[in-house]
Amino acid sequence: MSFEKKVQRLEEIVRALESKDMSLDKGLKLFEEGIACLRDASTELTKAEAAVQVLRERTDGILEATDLRA
Amino acid sequence: MNSRPARSASRSSAAAASESRTAGTPNESDALALFDDFAPPPVQEPARSQGRARRPASQSDEPGLSPEFAISVATLTLATRDILEGAVEPLWIRGEVVGFKEHRKGHWYFTLKDADAQIRCVMWATDARRALASPDEGMTITALGKLTVFPARGELQLRILRIETSGDGLWQKAFEKVRKKLEAEGLFSAERKRPLPMLPGCVAVVTSTDGAALHDIVSVVHRRCPITRVVVAHASVQGEGAAASIVTALHRVARWGQADVVILGRGGGSREDLWAFNDERVVRAAAGMPIPVISAVGHEVDVTLCDLSADLRAATPSAAAEAAVPRLTDLVRHIKSLGAELRDAAVAQVESARERLADAGVAAWRAASHPIERRRLALEGIAGRLHALSPLATLARGYAVLTSVDGSPLTSVESVTAGDAFVARLPDGRIHARTERTESLDKETGE
């Protein structure tokens, strides 16, 4: 699931928990799912810094991204 | 002023000559009048030239110098053509286009004229293909042409190599032609515009690796969102072959498939420099990309067709980069606040459930007048729900719910004996555990 989808799902869960009364079992499930989305989204934001790369086509036609200054 | 009587004399003698030769066709005599400076010599010329011959009669066996050695018309016109072509460099000529015709093989035929003169022009398909657009009837153009002769008609002719307009004429025409065509196909419609990803893992950039645009994009992405990868697919963005080069780079990005959004552009330039971004092939390739396209052709005034087909048009490469990636700090803040909202909402749910249960309890006691059995059932139901309620509230505060391995809640130490497996349920998962020993509370003292 993309970062965007995770955040969207998290927002949905928060809205659902905020807006309507639901069975406790359902509430607990949503809460757990929300925590999982939150954890995954936070992990994505703490990735290492990315380098600038160049997309090159090798002679065999395979595309590869290599560091620009290499 | 001296030349005037001489010219009119020559015109009248030319007119007389042509009349005597063509038995009075007024049209031709009018046509000749246009070229009065090039009036044909009088009919008795051959006799005079014989009389003037500087060479002895014995040497008049050279071609064209005696009736016996008369040359063919073809020899004359071809020789004239060779002399003209050899003597005159290509020249820029300004004139108005009339009688434009396109041959089915792509050659263009037209006449360039001004108030006093005209000349037939041809532009071969190989040269015409490189022109932005064909000139319109009456359009004033400047053309680079080589003077020649069209032997089949004995006509002076310009072979046009390049055409330009003094104003916007040809540019505008070429632009509008492609715009209308692609607009009719719906390439610029608002419904085609896709939203940009919130956090692209990889931004592809189609531009020159030598240009300032790449540097601007890289520094903005790095400042705002250093975790996003920037991958550049090099394209020459101006000059001959730019369009093909951009198309190749776009296809490469599409085939690679790892980018989430692509920025296509260059850092400004003249209209000629930006022209590749109006090329039909480039616009089609950009419109056909499987990922959203941000155009960043740095020119505020002239909109390019790539700008129209892109999912987003940015004024500069820097602006494109800002649109492509979020500010990482904003995103972190957003996620943190969502986390807080999630916890608050979970606690609020529990509180609301508690209130509902309390109300239900009151209702149950009010049912005291009902038969004993119904009252008992109602109370058991409420107790069961109350029991289920507590774990959520405590979970949200960091406690765990214990269940047996089959999922039924552990409500008493009596439920397990030493060695039994059970599960501790936490907000983010489960701990599978085993009982070491059990110990009952003293019911009286609570210890």
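**A walk through chains A and B**

In helix 1 of chain A, the buried residues are A:Phe3, A:Lys6, A:Val7, A:Leu10, A:Ile13, A:Val14 and A:Leu17 (buried means 20 or more other C-beta atoms within 10 Å of a residue's own, exposed means 12 or fewer, with C-beta atoms placed from the backbone). They sit on the same side of helix 1 of chain A because they cover an arc of only 120° around the axis, going by the directions from the helix axis to the C-beta atoms. Look at the other side of this helix of chain A and you'll find A:Lys5, A:Arg15 and A:Ser19 exposed.

A quick note on what you're viewing: this is a predicted model, where local features need pLDDT of at least 70, side-chain atom pairs count only at pLDDT 80 or more, and totals for chains, interfaces and linings use all residues. Residues are numbered from 1 along each chain as its sequence is written, while chains are lettered from A and ligands numbered from 1 in the order in which they are written.

Stepping back, chain A has two helices and two strands, running α-α-β-β from the N terminus. Helices here are DSSP runs of H or I with at least four residues, and strands are runs of E with at least two, numbered from the N terminus. Of the 70 residues of chain A, 29% are buried.

Now hop over to chain B, where three strands make an open antiparallel sheet in the order 11-12-13; strands pair if DSSP finds at least two bridges between them. Strand 11 (401-404) and strand 13 (429-434) of chain B are the edges, each pairing on one side only. Strand 12 (residues 421-426) and strand 13 of chain B share six bridges, and B:Phe422 has B:Ala433 in strand 13 as its bridge partner.
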